[in-house]
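Colleague: I would like to go through this model with you. Could you take me through it step by step?

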Amino acid sequence: MSEEMATIKDMPNNDYFLSGHGACPGCGVAIAVKNIMRILGPDTTVYVPASCLIVFSALYPTSAFRNPFLFTAFENTGAVITGIKAAQRRRGVQGNVVGFAGDGGTFDIGLQAMSGAAERGEDVLYVCLDNEAYMNTGIQRSGATPFGAWTTTSPVGKVRQGKRQMKKDIMDIVIANQPAYAATLSIAHFSDFIKKVDKAKRMKGFRFLHVLTPCVPGWKTESIRSVELARLAVETGMWTLYEWEFGEARSTYRPKEMRPVTDYLMPQGRFRHMSKDDLNLLQRWLCEKWYYHYGHEVEQPVCHINHEEKPMHFDGDPLHGV
Amino acid sequence: MAAQAFAEAAVLSGHHAQAFPYFGAERRGAPVRAFARVDDAKITIKSQIYEPDLVVILDESLLEIDPVVDGLKAEGRAVVNTMKGPEELDLGVSVDCAAVDASIIALETIKAPIVNTAILGALARMTDLVTIEAVKQAISDRFGEKLGPQAAAANSLAAELAYQRAKVGRCKGERPIVQRKVWLPDWEKVPPGVVLAQDSVEGVAIGPGSSLTNFTGTWRTVTPRYLKEKCIRCLRCWFCCPEGCIKRQPDDYEKWDYRYCKGCGICSNVCPVQAIVMEKGVKEW
């Protein structure tokens, strides 16, 4: 087998997710899928359920994947990749089977099929591309939408401001099924990303990768900031990078000091309305989340619960956050 | 949204109107279509418009790839977002035409290359169905409700400037109208469960990797410029380009494939040594 990959330089230069797809400029999903496919290589069968990815990568009758590519319904990613793997076993075909589902297709609609495949320990790779709402159908809230975020189904008004629930911890649900490997990825932490995908590629059994993929129209931000936002999410603790293997979680990146959550929220129009109470609630939840993930064994980065006041002001730009 | 604002302006001017978008996937920068129909009597027809009296073209580069003036009546009119004057324009049919540089107006007023409100001002100049006051009122109503009063004011100003700056003339009709490839395999050729192999049928590429025939480079408004002498070969831009249009060379320097670049600017943002700068306009180096 080829050498293990550790940095960008070790990545193969062949693209299997090609140019000419119809994603919005600055799409985080496209960045994640393109690099995962570079690492997985040619012996891979791809399955995509209903999501942005199917719409922009496979505009009938063209396809942006150079690999065998399959599409059926929204809710059955876990079941379909199980079936593809069974067919491969039967016919003696070697290779990885990967399912790219969105957050809606994993957290909500596809949960039972994903959970079933994980529990059976199928030999497949499941990638959840988390853009934190149903972006393809026009930004509806999902289980992955973070606290306070605006979506069309968690609107901002006098009574309620954005989503009132915290983000569902899908990694916990996956880990409860005892998979072979589970990890969270960020498109802004390159070496970490490459190592985890490469590790998952070499393993057998159910492997789950959870990628944060910023969405330019859905998060109401600028296309130039996609990767920057993924980095800020990790630096503020909104996204934690860890992997789960042999029954224990291991932190793979620990920021020295957690930056105030407003650094991450400010560039995004979907959080523009958040009140000071809501900000403090979110910040407190973030500071406690660390212990929830890692216990007290990994020292928590310094986290300021009552951070200095930074109002989410309107900066005078008429297209602020659009 | 522009079609809706136009229909609203027509209603304010005392007509009946309807507006609706083309049903399909809408992505930022992707070619999209919308329709508006105006009459003095109640409108009962519900179909798309195939033979328009007036065509509004928000991006001149669409003329190269799409039959935008297809079906335009001989006595029809056009409004085009362009840097050229109306006499220099070549739409493929010779019609009365208003030319306006709506992109510049949009950048001046709303600080973003979103031209749909500016072009409405030029549209008011071209047709007597709506007055510029009605257009501004409709924009204020529609945008003010969604984006706040400041956005409404900026967008109304864009329409006003476009109304003043639009140049009316008669355009040329020399260009052959590009016909869209109509063939798609139907369900009889490809029933559910059948595999599309890598192939090309009647000029349309199908199957694995066929998206390469779809050149997305026309979407961009800014273009990355690569300064090779500053590059430290960290490959971050190569990793972060969503389009895969940054090609890694054997010596780890980069090369851009501008046919696909959508101008998102991520490469310039992740570059640690500012070896990539974004320049306005669709360019190539």
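**Confidence and overall build**

Modeller: Chain B has an average pLDDT of 84, and 93% of its residues score at least 70; pLDDT is the predictor's confidence in each residue, from 0 to 100. This is a predicted model, in which local features need pLDDT of at least 70 and side-chain atom pairs count only at pLDDT 80 or more, while totals for chains, interfaces and linings use all residues. Residues are numbered from 1 along each chain as its sequence is written, and chains are lettered from A and ligands numbered from 1 in the order in which they are written.

Colleague: What are the ipTM and pTM of the model?

Modeller: The ipTM is 0.88 and the pTM is 0.83.

Colleague: How many helices and strands does chain B have?

Modeller: Chain B has eight helices and 12 strands. Helices (H or I, at least four residues) and strands (E, at least two) are DSSP runs, numbered from the N terminus. The C-alpha atoms of chain B fill a box of roughly 65 × 50 × 40 Å along the principal axes.

Colleague: Which domains are assigned in chain B?

Modeller: Domain 1 covers 2–170 and domain 2 covers 216–280; such bounds come from an automatic or database domain assignment. The centres of the two domains of chain B, taken over C-alpha atoms, are separated by 33 Å.

Colleague: Turning to burial, what share of chain B counts as buried?

Modeller: Of its 285 residues, 42% count as buried. A residue is buried if 20 or more other C-beta atoms lie within 10 Å of its own, exposed if 12 or fewer, and partly exposed in between, with C-beta atoms placed from the backbone. Helix H4 (residues 116–126) of chain B is mostly covered, with 10 of its 11 residues buried. Among these buried residues are Asn116(B), Leu120(B) and Met126(B).

Colleague: Why is Arg225(B) classed as partly exposed?

Modeller: Arg225(B) is partly exposed because 15 other C-beta atoms lie within 10 Å. Arg225(B) belongs to strand S9 (residues 222–226) of chain B.

Colleague: Which residues does Arg225(B) touch?

Modeller: Leaving out residues up to four places away in sequence, Arg225(B) touches Ile276(B), Val277(B), Glu279(B) and Trp285(B). Two residues are in contact if their C-beta atoms, placed from the backbone, lie within 7 Å.

Colleague: What about sheets; in what order do the strands of the open sheet of chain B run?

Modeller: The order is S3-S4-S5-S6 in chain B, with mixed pairing. Strand S3 (54–57) and strand S6 (167–170) of chain B are the edge strands, each pairing on one side only. Strand S4 (residues 77–81) and strand S5 (residues 96–100) of chain B pair in the parallel sense over five bridges; two strands pair if DSSP finds at least two bridges between them. Arg77(B) has Asp96(B) in S5(B) as its bridge partner.

Colleague: And in chain A, how do strands S7 and S8 run?

Modeller: Strand S7 (residues 242–245) and strand S8 (residues 248–251) of chain A run antiparallel and are joined by four bridges. Glu243(A) stands opposite Arg250(A) in S8(A). S7(A) and S8(A) form a hairpin with two residues between them, and Phe246(A) in the turn has a positive phi of about 50 degrees.

Colleague: Lastly, how many residues of each chain are in contact with the other chain?

Modeller: In chain A 42 residues are in contact with 46 residues of chain B. H1(A) gives the most to the side of chain A that touches chain B, with four residues.
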